[in-house]
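Visitor: Could you walk me through this one? I'd like to begin with the ligand and then move on to the rest of the chain.

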Amino acid sequence: MTNYSKQTSLLHSPHKTDPATGAVSVPVQHASTFHQPDIEQFGDYDYARSGNPTRRALEETIAGLENGTHGFAFASGMAAISTTFMLLSTGDHLVITDDVYGGTFRLTTKVLHRQGIEHTFVDMTDPEAVKAAVKPNTKMIFMETPSNPTMNITPVREITDFAKENGILTALDNTFMTPVLQRPLDLGVDIVIHSATKFIGGHSDVVAGLAVVKDEELASELQFLQNSFGAILGPQDCWLVMRGLKTLHARMSVSEQSAHELAAWFLEQPEVEHVYYPGLTTHPGYTVNKEQADGAGAVLSFRLKDKEAVRRFVDHVEIPVFAVSLGAVESILSYPRTMSHAAMSDEERHARGITDGLLRLSVGLEKTDDLKQDFANAFAASRKEEQV
Ligand SMILES: *Cc1c(COP(=O)(O)O)cnc(C)c1O
């Protein structure tokens, strides 16, 4: 198939039509087992944990979008990350970004150590810190860029070059950017991971995870782990993710443009102490992000004075849903302190800049002016309330 842009490939993929019927939608195959023609020779599918045609369609599609060769669909983003960590064994050491997603933080600190897997958290904006953290038993470096919720940027190439020289596997959580904006495999990463619950699914109606590689050996190891661990994505959910993917480019374009405008707008508000968005030229990771990604994404964070200011603002905002999660058609406002980063102690959170005044906004598809108006109203109402 001709190599088209990501925008076109999202629609014009090998799974655009069903070869059996011409249907312009991937059929949902619910069968858990498949009849075999012979006692020795099995068909393409035998048992649905090992492989399912709907899942395979999604796995091939995401592999193509990430410029990889093999994709894997999991029951959640955390299932994709857990299965990836199963590449590690007792005695291995993991170097992981210190502002990693809260669930990955919990998995690392509360579960991996039980398996005898050591870890070191480092500030990945600084490749020297990564090099200094590596030990003789370091087997994997785990990145997330932009990070959550302070939107730090990791210089991916510098870290993958170093990892390759030292025979260390690299994994990168690409949830915030999606393959439309960032293709980590092209930057030398070995395993790219997604919570497809977010932008890829895009409609707040499915929980799913994906992983993609482009190395045969690594692919067969991951496939072995996917089948052994068994945290696969069901066919109906695979179909929902594929349906979401069709509009991914359009959604990212609109939401990202809006995020840029809103980031600039928040900067001007007297209530806002700081705006975290890698699309702002004042962001410390602006240049690195521009080099390694095709955009700054649709998530930004902003800091208000304190918890009370957050409470007042959230009370008066009308348009965004106030919820855990991000990457949907509707804007989502979240409070990392009690939501995504609740698993961290106050000390751990503060060390990562996740202060009590920090709010995260995932920009959806609403008209930007309506969002600005809503936020302006919320600030005005907060001011009034404060004066009473
Ligand atoms: C949500 C999220 C995850 C976890 O994904 P689930 O689908 O909720 O299991 C992992 N990484 C990032 C960056 C996320 O935002």
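**Ligand and domains**

Guide: An N or O atom in the side chain of Lys198 is 2.7 Å from an oxygen atom of the ligand, which is a polar contact in the sense of a pair of N or O atoms within 3.5 Å. Taken alone the ligand exposes 380 Å², and the protein buries 92% of that, with accessible areas from the Shrake-Rupley method and a 1.4 Å probe. This is a predicted model, in which local features need pLDDT of at least 70 and side-chain atom pairs count only at pLDDT 80 or more, while totals for chains, interfaces and linings use all residues. Residues are numbered from 1 along each chain as its sequence is written, and side-chain values use heavy atoms, with hydrogens and water left out.

Visitor: How far from an oxygen atom of the ligand is the polar side-chain atom of Thr197, and the backbone N or O atom of Gly77?

Guide: For Thr197 the distance is 2.6 Å, from a polar side-chain atom, whereas for Gly77 a backbone N or O atom lies 2.8 Å from a ligand oxygen.

Visitor: Which residues come nearest, of those around the ligand?

Guide: There are 14 residues around the ligand, and Gly77, Met78, Asp173, Thr197 and Lys198 come nearest; a residue counts as near if one of its heavy atoms lies within 4 Å. The shell divides into six nonpolar, five polar and three charged residues, where Asp, Glu, Lys and Arg count as charged and Gly is among the polar ones.

Visitor: And which helix gives the most to that shell?

Guide: Helix α3 (residues 77-85) does, with three residues; helices are DSSP runs of H or I with at least four residues, and strands are runs of E with at least two, numbered from the N terminus.

Visitor: Switching topic, how is the chain divided into domains?

Guide: Domain 1 covers 18-246 and domain 2 covers 248-387, bounds that come from an automatic or database domain assignment.

Visitor: What area is buried between them?

Guide: About 3,100 Å², of which carbon and sulfur atoms give 64%, taking buried area as the accessible area (1.4 Å probe) that two parts lose on being put together, summed over both. Pro149, Leu181 and Phe199 supply 22% of the area that domain 1 buries against domain 2, more than any other three residues.

Visitor: Where is Pro149 placed, and is its peptide bond from Asn148 cis or trans?

Guide: Pro149 sits in the loop between β4 and α6, and the bond from Asn148 is cis, with omega near 0°.

Key:
Polar contact = N/O pair within 3.5 Å; in protein donor to acceptor, adjacent residues only side chain to side chain.
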